[in-house]
Amino acid sequence: MKFILLVPGGRGGSDFFHGLLDNHKQILQFPGHFLINDNFYKLLKKAKDNKFKETAKLFLKAYPYFFNSKLSKITGHDKLGPNKNRFYKVNKDKFINYFIKLSKEKKNTRVQAIKNLHLAYYLARGKKITNIKIILINTHLVSYTKNFLSFTNTKNFRIIHVMKGPMPALSSPIMNWLNFKNGKFFFPKNLYFQLDIVFKGITDLLKLDKNLHIVQLENLHKKRKRVMKDLCKIYKIKFEKTLLQCTYFGFQWWGDQISFRWVFNKKKNAISKIKEELFFKRDLNFFEYLALDLIKFYNYEFKYLRNRKVYFNLLPMKCELLVWKNTIKHKKIIHIISIPFFYLKRIIFINKLSSFALGSI
């Protein structure tokens, strides 16, 4: 049984890809982000000490949205199905009992405990667990992925990074988060995170291991069958028609609250449109030069790059000014104080001298 760690590229469609794998009979996965934080460490330590009931209860407390999708409003799991009136629940008592039983059967390690959590979850759902080949974990962040690999010390893993063109990948989250609930969740550190994942994310993942597979969101929409068949060959699993439908617990998924649109939008520019109003022209030129190697490597289109090499963009960018204005509007003192810090950090670390190293993919 192999681990696949799913790591998104900003708002690059990882939840969409996650949903395509939902009903595959050879894949185990939780229906959401498996946050690798203090709760994760605590429950695995409990498992190592053979405190299986406590482990299961800690898991229920740390990840309640896995057991009642009405708690997953932002991800849209509370409104599934063709009429957006379906949700899912998993019996907690059954999960605890199955986890205790499984944990007593084999030598307990951190990796085995993670496997048992997934197996118990599927048994509690009434699913079969025979012929399972893959456990997919949506680690959500590069930092969580590092933590997972470090803490479990597992070698039998692959990483899938879902991405889209660098310019849409940058403009989409900025626009969406500034609009979502009047921008109350988007401040300088969040902008820096988006810049970092777009321009350095792949390089950071390559440092973890060479076992990295890139899935382009554009191809998932336009060439889905071919992409999923290729993945089946790579990971030696059977191709199933369910891989062409994005669902959670078999119910159609419509997308999350942040993007405000249906994930199956097939318009030509549905996933490639750039929100130019977020940037000055010099910003767009700078970003395309930063992403020069990435755009060439994955055959994306150049739109703004001129014959001018800009290694550093020292002036405030328009997206930064918009985020600073939003921060001041919400009167978040700590975030207001952080403005110069993340501005300087962007100048130092988000530049051509610290961008891609794609040769190993």
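**Exercise 1.** Find which helices the buried residues of α13 pack against, and decide how these residues are arranged around the helix.

Solution. The buried residues of α13 pack against α7 (166-179), α8 (188-208), α14 (333-337) and α15 (339-349), where contact means heavy atoms within 4.5 Å. The model is predicted: local features need pLDDT of at least 70, side-chain atom pairs count only at pLDDT 80 or more, and totals for chains, interfaces and linings use all residues. Residues are numbered from 1 along each chain as its sequence is written, and side-chain values use heavy atoms, without hydrogens and water.

Step 1: list the residues. Cys-319, Glu-320, Val-323, Trp-324, Asn-326 and Thr-327 are the buried ones in α13 (buried is under 20% relative accessible area, exposed over 50%, partly exposed in between; 1.4 Å probe, protein chains only).

Step 2: look down the axis. These buried residues fall within an arc of 160°, so they line one face of α13; the arc is that of the directions from the helix axis to the C-beta atoms.

Step 3: check the other side. There, Lys-325 and Ile-328 are exposed.

**Exercise 2.** Describe the setting of Leu-71.

Solution. Leu-71 sits in the loop between α3 (52-62) and α4 (92-105); helices are DSSP runs (H or I, at least four residues), numbered from the N terminus.

Step 1: judge its exposure. With a relative accessible area of 53%, Leu-71 is exposed.

Step 2: find its contacts. Apart from neighbours within four places in sequence, Leu-71 is in contact with Pro-64 and Tyr-65. The C-alpha atoms of Leu-71 and Phe-87 are separated by 9.8 Å.

How values were computed. Helices (H or I, at least four residues) and strands (E, at least two) are DSSP runs, numbered from the N terminus.
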